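Here are my notes on the model, point by point. Please read them with the structure open.

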Amino acid sequence: MGKDTLTITDNRTGKTYEIPIQYGTYPTYGASIRTADLRQIKVSEGDFGLMGYDPAFMNTASCKSTITFIDGERGILRYRGYPIEQLAERSTFLETAYLILHGELPTRKQLDEWTYHITHHTMIHENIKKFMDGFHYDAHPMGILVGTVGALSTFYPDAKDIRDPADRKQQIFRLIAKMPTLAAFAYRHSLGMPYAYPDNDLSYAGNFLNMLFKKTELKYKPDPVLEKALDVLFVLHVDHEQNCSANAMRSVGSSHVDPYSAVAAATAALYGPLHGGANEAVLRMLREIGSKEKIPEFIKKVKTREALLMGFGHRIYKNYDPRARIIREIARQVFTVTGPNPLLDIAIELERIALEDEFFVTRRLYPNVDFYSGIIYEAMGFPVDIYPVLFAIGRTPGWLAQWQEMLTDPDQKIARPRQVYTGSDHRDYVPIELRR
Ligand code: SDX
């Protein structure tokens with residue numbers, strides 16, 4: 001193999017430039033050039049130099065990261081090198097959150113301490129209930145979550161000290177611990193039910209179910225199958241490298257704002273139907289299709305661009321999303337407790353048709369993480385508009401890991417992309433009486 005450089009000839013000037021190629025862990029996945037090295041390519045002294053133009057960052061690495069690895073061609077997902085299939089089967093959400101944030105699996109002592117701190121930060125300030133009550137009963141819980149997690153920044157002014165590792169750690173405990181409480185309070189508010197407070201005797205997922213579904217019983221007892229299924233679903237959502245909401249977390253966090261405000265921005269990004277809002281959109285799509293007989297008619301609408309097949313397609317995965325495969329298996333376990341969900345049959349038939357149909361095959365559209373998750377959530381009794389909130393709870397440790405990696409990366413500074421200006425050249429102001 002030759003030198004690790006690019007030789008670029010600018011045919012406008014005949015000059016050639018040698019630009020170093022840098023690598024990540026794998027020589028054939030992640031080789032890159034520093035786009036700043038293109039700036040030396042000019043036609044004249046006054047020339048600003050070349051930039052890279054890459055709308056939606058289709059082929060731009062915004063950072064170096066050691067957190068998550070995805071190989072979209074082979075359908076591989078690993079957190080800190082550990083395959084998602086093994087973590088889903090053998091780990092727990094809090095252990096995986098520890099791994100994603102610290103880079104290593106915890107010892108028993110570390111996990112116990114980690115679990116203790118998160119368990120004892122689940123309460124929220126009573127004042128938060130006052131603005132929670134201010135929302136309409138039918139306010140979308142993601143809108144409530146964006147507002148309330150952002151408002152948490154006003155209760156913890158010390159969170160601004162983002163350079164202090166001990167301070168960051170305290171906010172990380174609080175955010176992982178309080179997202180389920182905010183989500184559950186939003187849900188109870190929508191039903192007009194009293195808030196159910198955290199129960200520190202329960203697991204992370206069990207306590208979330210408790211705060212959502214506790215009625216008049218003295219102590220809520222989560223169904224172990226549902227508790228385990230929810231914990232695995234959280235594991236599957238923990239991180240996914242530089243997705244839209246992680247990019248929002250890094251970009252907003254790069255201004256050195258507190259992590260609550262940055263998580264509010266990431267939550268807002270996740271809310272969109274093209275991102276985390278897709279799990280809710282999938283359920284609505286399956287309900288709209290209504291029966292297997294109506295699938296061909298819906299597929300026609302997709303082909304004429306009247307509709308997207310929600311839960312299908314992915315910027316990175318051009319193969320089956322490994323999370324979708326695991327979730328489909330979890331569905332079978334959940335349905336042994338909740339009873340079958342007729343929408344699953346429609347989803348499986350939709351997938352079968354889509355995986356054979358040339359329109360989807362040529363575009364390499366496969367089920368993604370959102371295709372089956374909503375069906376499980378519905379069977380577990382969650383209302384459809386809370387699905388993206390469940391995604392946000394699972395993704396919070398990932399956002400915080402990305403945020404912390406950005407803050408401690410010497411390569412990083414405030415995010416401020418360039419642009420290619422295509423607007424008007426200089427022109428003088430025209431008084432209104434002279435305008436036509
Ligand atoms: C998540 O990035 C992440 O990692 C995200 C995520 C995470 O864990 O953080 O994995 C979570 O957001 C999963 C994705 C959830 N969204 C959906 O399910 C919404 C439906 N999917 C599409 O909107 C789309 O597939 C995206 C947004 C997911 C990806 O879009 P891209 O990469 O920009 O691809 P594209 O829009 O350029 O599509 C390429 C072609 C186009 O057709 P042509 O114009 O080339 O003819 O495929 C078509 C698109 O029209 N297409 C679809 C489709 N997705 C893409 N056509 C019908 N239905 C779809 N779902």
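1. Start with a term. Two strands count as paired if DSSP finds at least two bridges between them. With that in mind, look at Tyr79, which stands opposite Tyr82 in β5. Keep in mind too that this is a predicted model.

2. The overall division comes next.

3. Which strand is joined to β1 by 6 bridges? The partner is β2. Strand β1 covers residues 5–10 and strand β2 covers residues 15–20, and they run antiparallel. Thr9 has Thr16 as its bridge partner in β2. The two strands form a hairpin with 4 residues between them. Gly14 in this hairpin takes a positive phi near 80°.

4. Now the sheet. An open sheet is built from 3 strands in the order β3-β4-β5, with antiparallel pairing. Its edge strands are β3 (68–71) and β5 (82–83), each of which pairs on one side only.

5. Take the β3 side of that sheet. Here 4 bridges join β3 to β4, and the strands run antiparallel. Thr68 stands opposite Tyr79 in β4. β3 and β4 form a hairpin with 4 residues between them. In its turn, Gly75 has a positive phi of about 65°.

6. Then the β5 side. Strand β4, residues 76–79, is joined to β5 by 2 bridges, and the two run antiparallel. Arg78 has Pro83 as its bridge partner in β5. The hairpin of β4 and β5 has 2 residues between its strands. Arg80, in the turn, has a positive phi of about 55°.

7. On to the helices. Two packed helices are described by the angle between their axes and the distance between the axes. Take helix α6 (residues 165–191) and α17: their axes come within 9 Å and cross at roughly 165°. That angle makes α6 roughly antiparallel to α17. The crossing is right-handed.

8. Which residues make the contact between α6 and α17? From α6 come Arg168, Ile172, Leu175, Ile176, Met179, Pro180 and Ala183. From α17 come Val389, Ala392, Ile393, Thr396, Pro397, Trp399, Leu400, Trp403, Gln404 and Leu407. Sorted by class, the contact of α6 with α17 has 14 nonpolar, 2 polar and 1 charged residues.

9. Helix α17 also meets α11. The axes of helix α11 (residues 278–289) and helix α17 (residues 387–407) come within 7 Å and cross at roughly 150°. Angles over 145 degrees count as roughly antiparallel, and α11 and α17 are therefore roughly antiparallel to each other. α11 passes α17 in a right-handed crossing.

10. What does α11 bring to its meeting with α17? Asn279, Glu280 and Leu283 are its contributors. They meet Tyr387, Pro388 and Phe391 in α17. By class, this contact of α11 with α17 has 4 nonpolar, 1 polar and 1 charged residues.

Methods: Residues are numbered from 1 along each chain as its sequence is written. This is a predicted model: local features need pLDDT of at least 70, side-chain atom pairs count only at pLDDT 80 or more; totals for chains, interfaces and linings use all residues. Side-chain values use heavy atoms; hydrogens and water are left out. Axes are lines fitted to C-alpha atoms, for helices over the stretch in contact, and angles run from 0 to 180 degrees between N-to-C directions. Angles under 35 degrees count as roughly parallel, over 145 as roughly antiparallel, 65 to 115 as roughly perpendicular and the rest as oblique. A crossing is left-handed if the near helix is turned anticlockwise from the far one by less than a right angle, and right-handed if clockwise. Contact means heavy atoms within 4.5 Å. Ala, Val, Leu, Ile, Met, Phe, Trp, Tyr, Cys and Pro count as nonpolar, Asp, Glu, Lys and Arg as charged, and the others, Gly among them, as polar.
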